[in-house]
Structures are given as C-alpha cells and as structure tokens.
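Here are my notes for your first pass through this model. Please read them with the structure open beside you.

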Amino acid sequence: MSYSLRLSSRVFRKSFRFALQTCTCQQQHGLHTSRTQKNKEPEPEVNGFDMKSFPVDSIRNFSIIAHVDHGKSTLADRLLEFTGAIKKDADNKQVLDKLQVERERGITVKAQTASVTYKYKGQTYLLNLIDTPGHVDFSYEVSRSLAACDGVILLVDANEGVQAQTVANFYLAFTNELPILPVLNKIDLKNADPEAVKEQLLNLFEIDPDEVLMISAKKGIGIEKVITGVIESIPSPAKKCNPDAPLRALLFDSWFDRYKGAVCLILVVDGTLRKGDTVASAHTGKTYDIRDLGILTPQERSVQQLFAGQVGYFTANIRSAKEAQVGDTFHRKGIPCEPLEGFRQAKPMVFAGMYPMDQSEHPALRAAIDRLTLNDSSVSINIESSAALGQGWRLGFLGLLHMDVFNQRLEQEHGAQVVVTTPSVPYKVRIHGEKALREYGEEEPTITNPIQWPDPQVIVETSEPVVMGTVITPDSYLGAIISLCQDRRGIQHNLRNLDQNRIIVQYKLPLNEIVVDFYDNLKSVSSGYATFDYEDIGFEPSSLVKLDILLNGNMIDELSTIVHSSRARVVGKQICEKLSNTLPRHLFQIAIQAAVRGRVLARTNIKAVRKDVLAKCYGGDISRKMKLLKRQAEGKKRMKMYGNIEVPREAFINILKR
Amino acid sequence: MLSARNWKILFTYHWNLKVYGKSIHQRFCHNSLAESYISEGSVYVHWPYCRQRCTYCNFVKFIPHQKSQWTLQNEVLEDAMVKELQNALRSSYISTVKSVFFGGGTPSLARPHLIEKIMNAVQGTCSVTKNAEITLEVNPTPQESVKLKDFMSAGINRVSLGIQALDDSSLKFFNRDHSVEEALKSIEYAKKIFPGRVSLDLIFGRPRQTHKRWMDELHKVLNVCDDHLSLYQLTVERGTKLHRQVAAGEVALPEDDVMAMLYEASVSFLHNAGFKRYEVSNFARGSEAECLHNKLYWKNSQYIGVGPGAHSRVVLKNDTLLKSESLKHHHTRDDKTIDLGIKENTAYKNLLTRIFCRAAIVNAADPVSWLQEVHLYGTGARNIKFQTRLDILHEYVASGLRTSEGVTAAIWQSFCPWRTLVDIFQEDTLWLQEKNLLEISDAYMRATELGLNVLDYILPYLINVVERELNR
C-alpha cells in the first residue's frame, strides 16, 4: 500500500525530529544525572529557568496542527531559533543527522514538547510548544496532547491549501474549544495563492481572512508575528489550573527509555510537583517516586519543581510503557483527586495477523515485535495460531497508518520476511441464549477473529465500526470518488465547495471497507490529487455474515471472513477465483465454494490432473528429474491437508496476505 | 596404478575428506553392492554436433562451423572418446557390456569409423554380450541414409530415426533438416538394413494439433513403421527457440487437457495396433522390439557416458583409491553378505544413508573443455556426486515406475535387502491403490495404465515414503 510509504515515512520523519531532540539529550542528561546522584549534590536550577518565576498567566501552552508537509517542523525549528532555544542552521542539521541513527535504534514515534521563553512587552513568557502526532490514527493521542494546550496554530500551506488532515485536526481542536491562530506558510513560493486559501479557511472554518498570518517558515518571514500572536490570542492555562490545590498532573505523552524506564510528559494542572515526590496513577493506583523532573528546552533540563500550568517531563522508574498511559492523571500519594476527564485506554481498530514467512524465524520475529511494542502501548498483541500459517500473532492497531508504520519498522528492523494478513476490524455481536452468554461471558462480545464468530442462531444483532471520512479533491475527480465511496457502502454526509475548483466531501464509511485498498484506489482515481482522512464515529448496526470457504465440502477455517451481507457474493467469488489460481491440481476434481450459513454463493472448480508425466527420462534426464522431484517431495511435506486435499502454504499466503 | 580418471576422483575424495572430516573415509570404504550389479553395465556415447538447431531441443549440441572453436576434428574427438571410455571401464567393475547407444546431438553425422573404434575399446576391456544392442540415433536425411550400411558393418544393429512428424509444416516449424518424403525414404531404407530393429521418434502436442490430425498422422506412421515407436510430448525447455516463442506469445501449445487427450488417444490407438506401452513414451510390438539400452536405465543399471555432456552412473573401484588402507580386507564380493561387522539395529540405516556406493558423473558440456579434461585427466568429468543406497533407491523408484514392468522386488532387494517393497509401500500407498493408480505385489510395484499418465504427481509421495520408511 502506497499509503504507508507516502504518509508514514513523511509524518514520522517529521515527528522523529522532536523525538530526537529529546532522546539524544536524554542520554547526555542521563550521564549528568547519574553523576550528580553519586555525588549527592543538589542539582542547580538551570539558568533562566527558575520555574517559580513563571506564574500561570505568563504561560502559553499551544501546539501546531497541519497537514503533512505543510511545514510544521520547520516552523517549530524557527520558533525555537527565534527564542534562542537552539542555534541556527548547524544545530538543526545535526538534529536531522542524528535522526537517522535514532530511527534505526527504534525510538517510538511520539509527540514532543519544547519550552522556550520570550520577552514581550516587559514580561517574560514561558511558551510550551506541544507537538502532536500528525495523523488522526492517533486521534486519541492528539486529543490528549490538545488537552494539554490552550490553543493551536493552524498551519496551512499557501500553495496546497486545506487538506483532509487539516480538516480532521481542525475539528479536533475545535471540539476541544481551543482558540485557533491561523497561519499561512510558504507564502514566498511562486505558486502561493494566499487569497484562495484564505477563502477556503473562511468557507470551511469561518476564519476571518484578516486574522490569518502570512509567513514563510523556511525563509524566517513572519516568525515574530506568530510568537506574539500566540501570546496575545492564546489564553494562559490559568482558567483550568489551581496552584493551591493538591497536585494533579495530566500525562499526555510518554516513551520508553531502556535505562530510565518510561519518560512521562505532563501538564501540571493543579498544585506543584517536586523531585522526590511520591505520586500515584489514578488509573492503575500504582505509586512511583519521582527520580527526575525537568523541562524540555528542547534538551532535557532538570528542575526541582514544576508549578501549575507548566509542562515538563518526569521519570520514576516506570518499567513498562503500559503503566504510563496517555491520558492518565497523577496525584500525590495518599491525596487522591478527581481524575482529569478524557482518559480511555487505546482501542485497537485495525487487526492483522503476523506470521514469520518461515517458522524457524518465529523467535526472532517475537523478539522484534516485543521490542517494538515495548515502546508503543497502543498495539495490542494476542498469540494466534493458524493451522495454515503456523504460530503467529494477531496485532491490533489504532488505525491504518499506525499499522503500516509498525509493519515497516518490523520489516526494516527485523529484516526477515513477515506474512501480514489482510487487515480486519473488530465487530460487535449481540447474542442471546444462556449457553452462548456463558461461552462469551457478555451480551455483546467484540469479535476480532472470524474463528470466534458466534453461531448465527444465537446472534441478535451485529455492528461494525464506522468512520467519517473526509476527502478533499479537485472537482474533476468528484464523480469517480463518489462512485468509489458508494461502492464501499459509503453514505454521503456533506459535500461543499472549498474554493472555485476544489471540493470537500464527507462520507460515512464502514471501517472495514477502507482498511485494505481504499486509499490506493482513491489515489488512483484522482491521479494522486485527492487527500483523505477519517475519524472513528463508533459502532453502527450492520448486517454482517461469516463467509466460509469450502474445499470439496471441507471448511477451511483460516479462510473465513466477516463481510457485509451485500458483499458476500462478490468477496466469495474473489476468494474462489484466487484459490483456483493457486491451488495445485489434484487427482480428483476440487470444488471451491464460498458459503454463508451453508448457502453456497460462489463456486469454482479445479479440474483433476489428467496427465502429468515427464516425456523423456533417460540417462541425463534422470539427474534433472531427481532434483525437481526432491523439491516437490519437500513441498509435499509442508502441505496442509483438508480432507484429502493438499493446500500449499503459498495458497494461504496468497489469499490471506494484504 | 591409479588411472587418470581415478586421480581425479581421488582428488574429489580428498576434497570431501577436508569438508566432511574423517567420517567421509568410512563412507567410501564399502560399496557392498551385489557382484551381479557391479559387473554389468551399458555405454552411452554422446556425439555433440548437429547440422542445425531444432527449435525445441535443449540437449548438449553444437553446430560445427569451420574455425568455430568448438569444432573438433573427427579423429581427435573419436580418440578422446575412446580414451575416456577405456579409463571409465577400467575404473569400474564392469566386465560385461549389454548395450551401447550412440546419441546426441546427431551421431549419424559421425563417421562409421567411430562405432568401430568404440566397439573395439569396449571389447578390449570387457565382454560384450551376444545379443548386445548397439543403437544409433539417425536423422532421416538422404546424406545419412547412405551411411547406414557402413554403420551396420561397424557394429550398429539398431537405429532410432528422428522423424518427429509426418507433416512438412511441423518439420519446418521445428527447423528439422529433412522433409516428410526424405523421412519416409529413410524409414524404408533403414528397415531393409535393420529389419525389426528400427525405431521412430515422434513429437505430439504441437501447436494447433488436433485429435484428428494427430490420429491421421499416426495412421500414416503405422503404415510405414517397424516395431518400435517413441512418442514424446512436446515440452518447452528453457533456452530453446520454442521457449522464446511461447514466452513472447507467438506460439501456443495445446491446453493441458488437449495434451492429455492426444496422449491417451495415442496409447489406445497403438494398443489396438499391437503396440504395448512398455514405458511412458515408448511403444513396442513384441517384447523383442523393446529398447534394451533404455530399459537398463530404468532398471537402475550402471551406465558409462562418454563424450561432452554425457552422464554416468557407475560404481567405482574403491580399492584403487584406498589401496594402502587396512580396511581393504573388508571388501567383499559376496552377493549376500554385508560385511560390516556392525551388529546394531541402525547398521543398515548407515549403509542406506551414509555409505556412498555409486558415482553420478556429469561430463563437461562443451567439446573443447571436455577434450581438455580428457587429455589432462583421462576423463571429461566435471561434476562427481556420490550416491548412497537411498539416493539410488529414489532414482530407481522414479525411473522404474515409468515402465510397465515397474519396480521389481528382485532389483529393490539388491539395493535394500533389509526391507521389502511391500513392507515399505503397502500401507502408505493404499489410497493410490484404491484409486487404481498403483499396484503392489510381492514381486513388484507398478503404476497402472491410469497411474502412468499421472506418474509425476504420485512420485513425490513415494519419494517421501521411501525416505521416511528407510530412516525409521
């Protein structure tokens, strides 16, 4: 899927930069910390960062939201440069260079924060730039990051205009009731059309064209306006913070460090957090001693305490990423508080099986998956064993991009070939009957694997996850895009002109219709111009059925899939045809059938072998024949029997892989 | 004295010793195959030249041009072949030669003198059985027909004519160097000189070949043929012009089912005409007419291949290799006993899977390299692999089942005295027997008429059965 290549690499290369700024410094800092701890000297406050000197009203917590490649990290770099947090040019390049290294080490893609100070109208402000992951796959994480902000910079490329992702991110900020500072970037470029983009912003978001800042992050034009804009139009966190209340801190991001454990990024909402404090998680109840506390400038800098409204990090020897969950609230041990709202556990929405191409690579693949998931608590793992593909795992991801990034890294870092099965989504099935209820333990179990699908007789209702998809496209491709969405059971929600030749269209789409090749198809029908994004809008009742595949009447469990009843025939036909092309002929005819509840919807036949014998086999031919024969004999050993039908692993891979 | 050929084999042996360690030594010390097996064999002589290139052929062959580097003088080539043959026979235990086959290439382009030289060399080292079969492959052209008498005088007693098709457009498509008319004349002439000893080669499954056209052709063949026919299904081999044509979509072979139908129709047509399918592609009227040389291949006999690209399967004289070793006295020529003195249950398994007893040799393919090797080492061998009994049994199953005789208990027994055919195959092949594809008795295991058509489908199972059972 080109999706992964285009989006993931870009988004994450960008996000990495911030990750790196912290990670590389962590190490330096780690050394520093251990030395000071050994000497038992009190750690000096960092120059210019006496945290007490930043009362709540001098603080601005904000983030930048933008579509991929609209210049978010360049703007961030400029803001840091302008405020003196990092040096110009040389340092930035270094940051980028190290990025490659860090990337290979497998640092998780995470949003990062940088704190800078800026003197404006006689007052020194503490500006906390909170980066968000660029994609709404991580919408929950984005929303947590936004929960730590009091406003956002909406950054739009003056050449490309508003894109699907911009819209999704805008609405996230909008629903969080955050003030928005609109900024047009890249105004120096020849094709920039700021007026048209302003018109889009007006149409879409009702943003007053006069309020839009015009900058070029690359050229450093208008950076000061952005900073003063942040100070003036984004409120301080004073409204939601209470410096005198007991400690309450929102964990809005975390990553895992091999030496220090989880590093938690927090917003101190109420009270004060001090080094040495014992804090407790409102979610798990576990308590931790704060080992190190600090801010990111963007280097980690230890401080003794963080006050209400301030943003920083702490480490507390938290040994698992699972214990540092985004959205959790920390309070002082023994002084419980009302947890901050919005916490929920990451819910995987896209599932895929992963199997080593060769079973001998199982341990190596397991190690690789362990390593990757250590850093990313949002990936769910279940051991799965398929008679066809052997031992493997069923992994759950937040979304498509998340999965693609994971796969890409697995492939890059693991090296060996991995069979990734076609992604599927979770379904909810309401069941009745005492026996079924006992078996499933609940009235509406979530089914992530077709094998778990309940007997049709006990099913009351089925529902599937639905998303709101946003497509922005030049109007000439609209027809093709509408028919694509309709083919995928989409229901049009909204269609508007964005400007004179671009259209924004929103479709309610079942998630399972977009998990496989929707994005690729969208790109191909729009010559690559349309952009797409989506957000989960929950489960909706839907007529779902389990499609079974039978070979001469023997059901092949591994090939069962859950489909919408209207699609069963088409999907069934596809699978039958694919199978008839990959299954070897046998000595007897094979009937391949696709059936729902025993009713056959599609069928293909594989004719019996009638002649299969080498024409010539004399002296010289025998050696060749034996070579081939040995290979075939080895292949036979690896085949899976269904009744008396042999199914080679390749046939399964061909059907199951993406 | 070590022959030159043995020098080379000795080298391979020492190389193996280096790689596998001391254990290889043990593995070479006994062949312990029956005397009756190691004393008999056949000879194949590969003539590497053709007049022109047939579009389907991937055999080792060269089109001689003046000054082309691969073109050797007849005299030189003949002498080297003789030299290689003599060395090979000496380093084997073969004392009786049952057949000699001149193949190619186009061996009918060779001088009849070659036959004489080769036969003299064979007779100089071994005895040739009274009814030995000496076959020559012949292209049915007028130029070659006139040589047939001389070939007969030189020792040939059977010819195989490559007529391929009785259809001029097919011959043209194949780029054959003869017409139908010339072929028919050659057949007539050959039958006069070798009455009852003429075989015809034909190719079916040609592009756009229909059942009717092929049956008409077979009718014509039946009118002119002698008592032996070989019918080969056209196969697309890599590196041939046909392969390129098919890959480019210029030529399409009949569908699988049409191929099967053409084959089945041929078998039943020839059956009605009194021809028995004694092997997948070979048909004979009366068992006298069956090709002895090829039957020896399928029976897993020893054969010595001479000439560029030729293959051999031969038990080599180990004692010439390891003369000084004290193990010499272990060597036995007794038909029955296996003189290893190992009492453990696993002894025979070692014999089956660890002890090398036969060499599979492939000669250098291009005439010049081959010639150089022969000059230097006395053999053109490029690749020598040693085979265990298990390897040999695998080959026997794969080739023996191609024949109507099947795999016989007697021959099986000679390689595997510990487990009978029935013991090994009966249970695991019940499903094949039930499907009427395979028959097993105390005396043989055979593919049925039906089973023969799909033999290659069945073979991988049987190979796995052999391996599993013998490793048990």
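How many helices and strands does the secondary structure of chain B come to?

1. **Chain B.** The count is 22 helices and 15 strands. Helices here are DSSP runs of H or I with at least four residues, strands are runs of E with at least two, and both are numbered from the N terminus. Of the 472 residues of chain B, 59% count as buried. Buried means under 20% relative accessible area, exposed means over 50%, and partly exposed lies in between, with a 1.4 Å probe and protein chains only. Take contacts in chain B between residues at least 6 apart in sequence: 76% of them join residues at least 24 apart. A contact means heavy atoms within 4.5 Å.

2. **Ground rules.** This is a predicted model: local features need pLDDT of at least 70, side-chain atom pairs count only at pLDDT 80 or more, and totals for chains, interfaces and linings use all residues. Residues are numbered from 1 along each chain as its sequence is written, chains are lettered from A and ligands numbered from 1 in the order in which they are written, and side-chain values use heavy atoms, with hydrogens and water left out.

3. **An enclosed strand.** Look at strand S4 (residues 151-157) of chain A. Seven of its seven residues are buried, so S4(A) is largely enclosed by the rest of the structure. A:Gly151, A:Ile153, A:Leu155 and A:Asp157 point one way, while A:Val152, A:Leu154 and A:Val156 point the other way. In a regular strand the side chains alternate between the two faces of the sheet.

4. **Its partners.** Strand S1 (residues 59-66) of chain A runs parallel to S4(A), joined by five bridges. There, A:Phe62 stands opposite A:Gly151. Strand S5 (residues 180-185) of chain A is also parallel to S4(A), with six bridges. A:Val152 faces A:Ile180 in S5(A). Two strands pair if DSSP finds at least two bridges between them.

5. **An open sheet.** Eight strands of chain A form an open, antiparallel sheet in the order S11-S10-S16-S7-S8-S15-S12-S13. Which strands are at the edge? They are strand S11 (287-289) and strand S13 (300-302) of chain A, each pairing on one side only. Inside the sheet order, five bridges join S8 (residues 261-270) and S15 (residues 311-315) of chain A. One bridge partner pair is A:Cys264 and A:Phe314.

6. **Two buried residues.** A:Ile369 sits in helix H8 (residues 362-374) of chain A. At 1% relative accessibility, A:Ile369 counts as buried. Leaving out residues up to four places away in sequence, A:Ile369 touches A:Ile381, A:Trp393, A:Leu395, A:Phe406 and A:Leu410. A:Thr473, in strand S23 (residues 459-474) of chain A, is buried too, at 0%.

7. **A covered helix.** Six of the eight residues of H16(A) are buried. Among them are A:Phe652 and A:Leu656. The buried residues of H16(A) pack against several elements of chain A, including H14 and strand S17 (350-356).

8. **Still to check by eye.** Which residues lie nearest the centre of the second largest pocket? They are A:Thr422, A:Pro423, A:Val516, A:Thr561 and A:Val571, out of 43 lining residues. A pocket is an open set of points on a 1 Å grid over the protein atoms alone, where a 1.4 Å probe fits, with protein on both sides within 12 Å along at least five of seven lines; lining residues have an atom within 4 Å of a point. H14(A) gives the largest share of this lining, five residues.
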